[in-house]
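Open the model in your viewer and keep the selection tool at hand. Each stop below names a selection and then tells you what is there.

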Amino acid sequence: TPAVCLVGKTHEFHVRTALGCTLEENVEAIRASVAHCVAKGREALFDAEHFFDGYRANPGYALECLKAALGAGARWVVLVFHRPIYSSAKGRDNKDLKEKWLPIIHKHKVDLVLQGHDHGYGRSSNLLNGMQAKSGEHGTVFVVSVSGPKMYDVEQLPWMRRKARNTQLFQIVTVDGGTLRYEARTATGELYDAFDLVRRGDGTN
């Protein structure tokens, strides 16, 4: 297979209790596993299991796990939130999430943030601090989506590049070397939205 997804622990409690190893041994296992896949010519994907709980308990250690994977050759950082940082309607905006997570997202150059909860669809361009990232800057694409039949109203907000009302959608994310391809498709499989993120030589997208 051209790509391998590695599931790793980033919560210190899970490392000590479930894996039964030291924090240092876990970080080294992440680094060595990703490096092995990359050395074999495969795209290494690291699923940072329970990252947000781990970050709440010990932010330094949770980030150390991510840095180990990135340093060993994992190329893309995708976060998944239930409650969105950028909501599809003003009344459902999450100011506390913006204040807490946006600085971390931009500092660590997250590529894509997938969000739910709002029962509508909205997708940004490549954003940096709420504005379109300029050439040479690393931006983040934010998506909020819904797959079930329950729908809320969707407003046209400044952060949005694309939106949809009363539309059930599912997402397909594929990675081919230095390109991450995103697609949003309707329940019948029709393509509704898509974009490519391309990793540049300087590490930006």
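Two strands count as paired if DSSP finds at least two bridges between them. Keep that cut-off in mind for strand 5 and strand 8: two bridges join them, and they run antiparallel. The model is a predicted one.

**Whole chain**

Select everything. The secondary structure comes to five helices and twelve strands. Along its principal axes, the C-alpha trace spans about 50 × 35 × 35 Å. Color by accessibility next. Buried residues make up 45% of the 205. The accessible surface comes to about 10700 Å², and 52% of that belongs to carbon and sulfur atoms.

Now zoom to strand 4 (112-115) and strand 8 (141-144). They run parallel and are joined by four bridges. Leucine 114 stands opposite valine 143 of strand 8.

Move on to strand 5, residues 121-124. Which residues of strand 5 are buried on each side? Tyr121 and Arg123 are buried on one side, Gly122 and Ser124 on the other, and both faces are covered. In a regular strand, side chains alternate between the two faces of the sheet. Strand 5 also pairs with strand 9, in the antiparallel sense and over four bridges. Tyrosine 121 has alanine 164 in strand 9 as its bridge partner. Glycine 122 has valine 144 in strand 8 as its bridge partner.

**The nonpolar cores**

Select Phe51, Ile85, Trp101, Ile105, Phe142 and Trp159. These have the most contacts inside the largest nonpolar core, which has 41 residues. Suppliers of at least two residues each include strand 1, helix 2, strand 2 (43-49) and helix 3. Helix 4 gives the most, with seven residues.

A second, separate core has 13 residues, among them Val141, Leu169, Leu180 and Phe195.

Go back to isoleucine 105 and show its surroundings. Leaving aside neighbours within four places in sequence, isoleucine 105 is in contact with Leu79, Phe81, Ile85, Val110, Val113, Thr140 and Phe142.

**Helix 1**

Select residues 12-19. Glu12, His14 and Val15 are buried in this helix. What covers the buried residues includes strand 1 (3-9), helix 2 (23-39), helix 3 (51-57) and helix 4 (59-71). Glycine 20 follows helix 1 with a positive phi, near 70°.

**Two histidines**

Most residues other than glycine have a negative phi. Histidine 50 has a positive phi, near 55°. Histidine 50 sits in the loop between strand 2 and helix 3. At 40% relative accessibility, histidine 50 counts as partly exposed. Histidine 119 also has a positive phi, near 55°. Its place is in the loop between strand 4 and strand 5. Histidine 119 is partly exposed, with a relative accessible area of 22%.

Select serine 88, in the loop between strand 3 and helix 5. Is serine 88 buried or exposed? Serine 88 counts as buried because its relative accessibility is 0%, and buried means under 20%. Not counting residues up to four places away in sequence, serine 88 touches Asp118, Gly120, Val144, Asp153, Val154, Glu155, Leu157, Trp159 and Met160.

Finish at arginine 185, in strand 11 (179-186). With residues up to four places away left out, arginine 185 touches Gln168, Leu169, Phe170, Ile172, Glu190, Leu191 and Tyr192. Draw a distance to serine 147: the two C-alpha atoms are separated by 9.9 Å, and the residues are 38 apart along the chain.

Definitions and conventions. Residues numbered from 1 in each chain as written. Predicted model: local features only at pLDDT ≥ 70, side-chain atom pairs only at ≥ 80, totals over all residues. Heavy atoms only, no water. Buried < 20%, exposed > 50% of the residue type's maximum accessible area, 1.4 Å probe, protein only. Contact = heavy atoms within 4.5 Å. Core = buried A, V, L, I, M, F, W, Y, C linked by side-chain atoms within 4.5 Å. Areas by Shrake-Rupley, 256 points an atom, 1.4 Å probe, with all protein chains shown as cover.
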